Amino acid sequence: WGGSAAEHRLLHYYRGTITVIHFDPAPSTAAKRWGLAPARAGAITFLGIPGPLAFQGAEPNTVHPLLIYSELLATGEERARDAAARIRERYLQHLS
């Protein structure tokens, strides 16, 4: 999981309307295989990974906190920025 789905698994603060799922390599048939159907609210985004460290998350089934942080900021939503700041404070202080 990435983005707000991963943040929610780690901090339970924010759960946005877009669910990000990372795969290596990104599957072209995942939606059909999982039986996913269009939803009235929310979306699923399938992404590859930027490198092998991406899957070194703070919890099982989450990507690295730096990737979570950047995906939250990329949404441009105020609450997502707040969630990104919480991720930075808890998991990325060593990068400052």
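At what angle do helix 3 and helix 4 pack, and how far apart are their axes? Before selecting anything, note that this is a predicted model, in which local features need pLDDT of at least 70 and side-chain atom pairs count only at pLDDT 80 or more, while totals for chains, interfaces and linings use all residues. Residues are numbered from 1 along each chain as its sequence is written, and side-chain values use heavy atoms, without hydrogens or water.

**Stop 1: two helices**

Select residues 65-75 (helix 3) and 78-91 (helix 4). Helices here are DSSP runs of H or I with at least four residues, strands are runs of E with at least two, and both are numbered from the N terminus. The two helices pack at about 160 degrees, with axes 8 Å apart. Axes are lines fitted to C-alpha atoms over the stretch in contact, and angles run from 0 to 180 degrees between N-to-C directions. Helix 3 is therefore roughly antiparallel to helix 4 (over 145 degrees).

Next, show the side chains in contact (heavy atoms within 4.5 Å). Among them are Ile 68, Leu 72 and Leu 73 of helix 3, and Ala 84, Ile 87 and Arg 88 of helix 4.

**Stop 2: two rings**

Now select Phe 23 and Phe 46, which form a tilted aromatic pair, 5.8 Å centre to centre and with 40 degrees between the planes. Rings of Phe, Tyr and Trp (its six-membered ring) pair if their centres lie within 6.5 Å; planes under 30 degrees apart count as stacked, over 60 as edge-to-face and the rest as tilted. A search of the whole structure finds one such pair.

Phe 23 is in the loop between strand 1 (18-22) and helix 2 (30-34), and Phe 46 is in strand 2 (residues 43-47), so the pair ties together parts 23 residues apart in sequence. Phe 23 counts as buried at 19% relative accessibility, whereas Phe 46 is partly exposed at 25%. Buried means under 20% relative accessible area, exposed over 50%, and partly exposed in between (1.4 Å probe, protein chains only).

How values were computed. Parallel < 35°, antiparallel > 145°, perpendicular 65-115°, else oblique.
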